[in-house]
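I opened the notebook to look up charged pairs in this model.

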Amino acid sequence: MSAVPTALVVGADAAGRAPLAALLQLTGWDVREAAGTREALGLARRLEPDLVVVDLDGPAGEAPALLRRLRLVGCRARLLAVTAAAGAADRAAALEAGALACLPRPVDARLLTGRLARRAPGPQAPAAGDTSGADVDADLMDRLQQVYAAALPGRLTAIADSARSGDAAALASASATLAGTSAQLGHPEVAAVCRAIARDARRGVLAHELVVELHSVARG
């Protein structure tokens with residue numbers, strides 16, 4: 001395995017994968033994505049990831065089956081499941097198949113990093129004898145906010161450029177990604193406007209007035 005830990009995010013919906021992939025990248029992971037079981041198994045064999053996160057909100061039984069197959073092919077990664085709508089039976093099936101936890105979507109940054117740190121050292125976890133967990137947690141969130149702020153102008157430009165060029169697919173993707181990281185890092189107003197832009201873009205509507213509003217809200 002590489003010095004930089006590798007995470008594999010699996011889910012049929014690219015817009016659904018994007019916020020979690022962005023959050024993991026912010027916290028120091030080399031992130032790869034897979035749209036389904038076959039692609040995920042191929043990447044797992046080739047990359048030997050340290051973490052695999054699967055979306056439970058796809059076809060019934062598919063995510064738990066993937067988790068079981070990952071273990072059968074010798075994958076030693078930590079396994080997590082995420083969901084926005086799965087019922088208790090689906091969550092239980094994922095845990096029985098080897099997931100360490102089933103986290104609600106959008107995934108909270110503190111919840112994710114805390115869960116990973118308790119199970120095994122991740123890229124941001126403290127070594128033995130380091131500062132207290134509370135100090136590390138505060139430091140992590142401070143760094144995440146700094147990275148978010150540094151990346152925000154580029155993300156806003158990507159959204160504006162996509163709207164200006166009439167590329168609805170790119171607009172939906174860029175807006176959904178910023179919505180996810182904004183929600184996870186405590187910027188609900190930015191997240192709400194981004195979700196509205198993405199929702200319209202998926203219907204082929206380029207909501208230029210919302211893009212203008214987003215710039216105003218983001219600059220606060």
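I set the exposure terms before anything else: buried is under 20% relative accessible area, exposed is over 50%, and partly exposed is in between (1.4 Å probe, protein chains only). By that scale Asp57 is partly exposed, at a relative accessible area of 31%.

I noted the ground rules. The model is predicted, so local features need pLDDT of at least 70 and side-chain atom pairs count only at pLDDT 80 or more, while totals for chains, interfaces and linings use all residues. Residues are numbered from 1 along each chain as its sequence is written, and side-chain values use heavy atoms, with hydrogens and water left out.

**Entry: salt bridges**

The general idea is simple: side chains of opposite charge can pair when their charged atoms come close.

**Entry: Arg105 and its partners**

I looked up Arg105 with Asp55. Their side chains form a salt bridge, at 2.6 Å from N to O. This pair links distant parts of the chain, 50 residues apart. Arg105 sits in the loop between β5 (102-104) and α5 (109-119), and Asp55 in strand β3 (residues 51-55). For these labels, helices (H or I, at least four residues) and strands (E, at least two) are DSSP runs, numbered from the N terminus.

Next I took Asp57 with Arg105. The closest N and O atoms of this salt bridge are 3.1 Å apart. This pair also joins distant parts of the chain, 48 residues apart, with Asp57 in the loop between β3 and α3 (62-72).

Which residues are linked in the network of salt bridges? I found Asp55, Asp57 and Arg105.

I then checked burial. Asp55 is buried, with a relative accessible area of 18%. Arg105 is partly exposed at 30%.

**Entry: Arg32 and Asp30**

The side chains of Arg32 and Asp30 meet in a salt bridge, 3.4 Å from N to O. Arg32 is partly exposed, at 34% relative accessible area. Asp30 is partly exposed as well, at 29%.

**Entry: Arg115**

I finished with Arg115, which lies in helix α5. Arg115 is partly exposed, at 22%. I listed its contacts (heavy atoms within 4.5 Å). Leaving aside neighbours within four places in sequence, Arg115 touches Leu80, Leu100 and Ala101.

Methods:
Salt bridge = Lys/Arg side-chain N within 4 Å of Asp/Glu carboxyl O.
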